[in-house]
Protein chains: 2
Amino acid sequence: MPLIDTDVHESFAGVKDLVPYLKPPYKDWIAAGAWRGFSQPFAYTSPGNGNRADVTNPDGSASVSDPALIKRDVLDAYDVTYALLTGYFYPTGLKMQYGLASAMAAAYNDMVAEKWLSFDDRLRGSIQVNARDPEAAAREIDRMATHPAMVQVMLPVVDDIAYGHPYYRPIFAAADRNDLVVAFHHTVFAEGPYGMGLSYMERHSLIPLAIMGQVISIILNGVFDAFPKLRFIMLEGGFSWLPHVMWRMDREYRQGRVEVPWIKKLPSQHARERLRLATQPSEDISNEAFLKVVDLIGTDELLVFATDYPHFDFDDPDAAVPKGLPEELRQKILWKNAASLYGFDVPGAGAVAEAAE
Amino acid sequence: MPLIDTDVHESFAGVKDLVPYLKPPYKDWIAAGAWRGFSQPFAYTSPGNGNRADVTNPDGSASVSDPALIKRDVLDAYDVTYALLTGYFYPTGLKMQYGLASAMAAAYNDMVAEKWLSFDDRLRGSIQVNARDPEAAAREIDRMATHPAMVQVMLPVVDDIAYGHPYYRPIFAAADRNDLVVAFHHTVFAEGPYGMGLSYMERHSLIPLAIMGQVISIILNGVFDAFPKLRFIMLEGGFSWLPHVMWRMDREYRQGRVEVPWIKKLPSQHARERLRLATQPSEDISNEAFLKVVDLIGTDELLVFATDYPHFDFDDPDAAVPKGLPEELRQKILWKNAASLYGFDVPGAGAVAEAAE
C-alpha cells in the first residue's frame with residue numbers, strides 16, 4: 001500500500017541560510033545578523049545591531065558580559081563618578097511560569113552583586129524583580145536591599161502592565177520601606193497604543209508613549225500619594241513630552257478630581273517633586289529649544305543624564321547635554337540631580353558647586 | 001423526585017435599581033446616570049455626564065439629535081462662520097459584521113446630508129466609514145464626496161488600528177482623489193499603551209497618546225510621502241506633545257532612515273507642512289507657555305480651534321484661545337488656519353486680515 005505523510009517539518013540552521021536567496025537591501029540585513037529569528041521581533045539596521053559597533057569581547061561576541069568593557073568605555077572614558085547598572089534582562093517579560101521568572105530575577109541579582117558591584121566601587125545596582133508576582137517581588141526587594149550598593153528597584157515596562165494598578169502596591173511598599181528609588185525602563189516587549197509599530201524606527205518612537213502611560217498610571221492611581229517619600233525615575237523614554245502630560249493631567253484633575261479623591265496635589269506638582277527623567281536618547285533639539293523645555297517643565301532638578309551604554313544610540317556626555325546650556329543646568333543634569341536622587345556622596349561636590357556659582 | 005436547577009438568571013431593570021444599596025459617593029454617581037451598564041466602560045462623574053449640563057432636548061433627553069441645538073449653542077452663540085460636524089458614531093468600532101458596519105456608515109452619512117447639512121449653510125460634514133473594510137470605505141468616500149458640503153473623511157481611533165499599516169491605503173487614496181482632508185478622532189474604544197486606564201481621568205489623559213501613535217504611524221509608514229497633497233487633522237488629542245514627537249522622530253530618522261527609504265523628508269517637516277491639530281481640550285497652560293509651545297512647533301499655521309460641543313469639557317472660543325496671545329496668532333487659530341486647510345471662502349477675510357496687520 002502507498003503511504004502519504006502530509007506533515008513533515010524540514011528546517012534550517014538559521015535565517016542566515018536564506019541570505020543567498022534574499023534580495024537587497026534585506027540580504028545585507030540578514031547577512032549582518034540584524035535579525036536572528038522570531039525570538040527577536042524586528043531587525044536592527046544599525047551597524048552594530050542593537051549595540052555600538054565598537055562593543056565586542058575578545059572572542060568577538062557583542063554582549064557586555066565583562067565589567068572591564070564598562071570600565072573602559074564608560075567609567076574611565078568619561079571619568080564617571082557613579083554609574084547605575086540597569087541590565088537588560090527583565091524576567092517580568094515571561095507571561096507564564098512565574099516561579100521561574102522570580103527565580104531568574106534572584107539569580108540575576110546575585111550575579112550582579114558578585115560579579116559587577118564588587119568590580120568597581122563607582123558602580124551601583126538595580127534590583128531586578130518579577131513584577132507579575134508582586135508579593136514575591138517585594139520579598140526579593142527586601143532580600144537584596146541589604147546590599148549597600150543596590151540603590152533602586154527596576155520595574156520593566158512590558159506591553160500589558162501599567163504599574164498604577166492596585167495589584168502592584170506590594171512592590172512600591174517594599175521600595176519605600178527600604179529607601180530605594182523606583183526606576184522604569186522599557187523592555188523588548190514595550191508597545192505603543194497599537195502594538196509595536198511596523199519598523200524599528202516606529203517602535204523606538206513609541207517607547208516614550210509607553211513611559212508616558214506609566215507616569216499617568218502611577219500618578220493618577222495614587223502611587224505618589226500612597227508613598228509620599230518614594231521617588232521615581234524613567235529611563236530612556238525622552239523628556240520633552242512632560243509639559244504636555246503635566247498640563248493635560250492638571251486639566252483633567254481640575255475638572256474631574258471627584259473621581260480620584262486619593263490624589264491630594266496637582267499631578268504636575270507630584271511630577272516636579274518626585275519624578276525624574278533621564279535625557280537619553282537626546283532628541284533632535286536645539287540649545288534654545290532645550291532651555292524652553294526645561295522652563296516649561298518648571299524645575300531644573302528633574303532631568304538626569306544617562307549614556308545608555310552599550311546601545312547603538314549611546315549618548316556622549318559631552319555632546320548629548322549641549323555645551324551651550326548654562327553651566328549650572330549642565331551640572332545639575334550631568335550629576336547633581338542624580339546625586340540628590342540617590343543620595344550619593346560626591347567627592348569635591350562642595351567645591352564644584354561653588355565654582356559653578 | 002426533587003429537582004435542583006443550578007443556573008437561573010435573575011435580572012433588574014438597570015443599574016439604578018442598585019442605588020438604595022450603594023454607598024457614597026458611588027450611590028450618587030449611579031443615581032445621576034453616570035454609568036448605564038457594561039456597554040459603557042466607565043462612569044462619567046461630571047454633572048451632565050459626557051455632555052454639558054445645559055444640553056437637553058425638549059423631551060429631557062441629552063443627545064444632540066436636533067440641529068437647532070447646535071445652531072443655538074454654537075453657530076449663533078459665537079457667530080461661527082463654519083462648523084465641522086464630526087459626529088460621535090463610528091461604525092469602525094464594530095469588530096465583527098463588517099457588512100453591517102459599512103451599511104451603518106453609509107446610512108449615517110445619508111442622514112447627515114439630509115438632516116444636518118441642509119439645515120444651515122455654515123455646517124460642513126465628515127464622511128464616516130467602516131475602516132475595517134478599506135475597499136468598502138473607499139467606495140463610500142467616492143459616493144459621498146459628490147456632496148459639496150462633505151469636506152473630510154473621518155478616521156476613528158479605536159484600540160487596534162494604526163492607520164499607517166498598508167491595509168488602509170485605499171482609504172487615503174480615496175480621500176486624495178476626492179480632495180478631502182483626513183480627520184482623526186478618538187472613539188470610546190481608544191486606548192493607551194496599557195488599555196483604557198483605571199479611571200475616566202486616566203483614560204482621558206491617555207487619549208493624546210492614542211493620537212500620537214496615529215501621527216507616528218502615518219508619517220513613519222509613508223502615508224505623507226505616498227499622497228503628497230493630502231492633509232491631516234487630529235481632533236481632541238491636545239497639541240503640546242507635538243514638539244517631542246517631531247524631535248524624537250527626527251532623531252530616529254537621522255540614525256535609522258535606511259529602514260524606511262520611502263520617507264523623503266524629515267518627519268518634522270512633514271508634520272509642519274500637512275498636519276493640523278485642534279486645540280480642544282485646552283490644557284492647563286499659561287499664555288507664556290502657549291506661546292513657547294507654538295514657537296517649539298516651529299509654525300503658527302498648525303493649530304486650529306474646536307469647541308467639542310456638546311461635551312462637558314467644551315472649549316469656549318473666548319477662553320480657550322487666550323486673549324493675551326498676539327492677535328494674528330489668535331486669528332490663525334480661531335479661523336485662518338482652518339479656512340486654509342478646508343479651502344473655505346470666508347466673507348470679509350481680506351478686511352480682517354488687513355486689520356490684524
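A polar contact is a pair of N or O atoms within 3.5 Å; within protein, one must be able to donate a hydrogen and the other to accept it, and residues adjacent in sequence count only if both atoms are side-chain atoms. I worked on a predicted model, where local features need pLDDT of at least 70, side-chain atom pairs count only at pLDDT 80 or more, and totals for chains, interfaces and linings use all residues. Residues are numbered from 1 along each chain as written, chains are lettered from A in the order written, and side-chain values use heavy atoms, without hydrogens and water.

**Entry 1, Ser268(B).** I found Ser268(B) in helix H9 of chain B, residues 267-274 (helices are DSSP runs of H or I, at least four residues, numbered from the N terminus). I looked up its accessibility: 4% relative, so Ser268(B) is buried (under 20% relative accessible area, 1.4 Å probe, protein chains only). Beyond four places in sequence, Ser268(B) touches Met246(B) and Asp250(B) (contact means heavy atoms within 4.5 Å). With Asp250(B) I noted a side chain to side chain polar contact of 2.6 Å.

I checked the largest nonpolar core, which has 176 residues. Among the members that touch the most others are Phe172(A), Phe184(A) and Phe232(A). I listed partners of Phe232(A) outside four places in sequence; they include Phe172(A), Phe184(A) and Arg274(A).

I superposed chain A on chain B: a rotation of 180°, 0.0 Å of shift along the axis, RMSD 0.1 Å (least squares on C-alpha atoms of residues with pLDDT of at least 70 in both). The two copies are therefore related as by a two-fold rotation axis. In chain A, the C-alpha of Pro193(A) comes closest to that axis, at 2.0 Å.

Methods: Helices (H or I, at least four residues) and strands (E, at least two) are DSSP runs, numbered from the N terminus. Buried means under 20% relative accessible area, exposed over 50%, partly exposed in between (1.4 Å probe, protein chains only). A nonpolar core is a set of buried Ala, Val, Leu, Ile, Met, Phe, Trp, Tyr and Cys residues joined through side-chain atoms within 4.5 Å.
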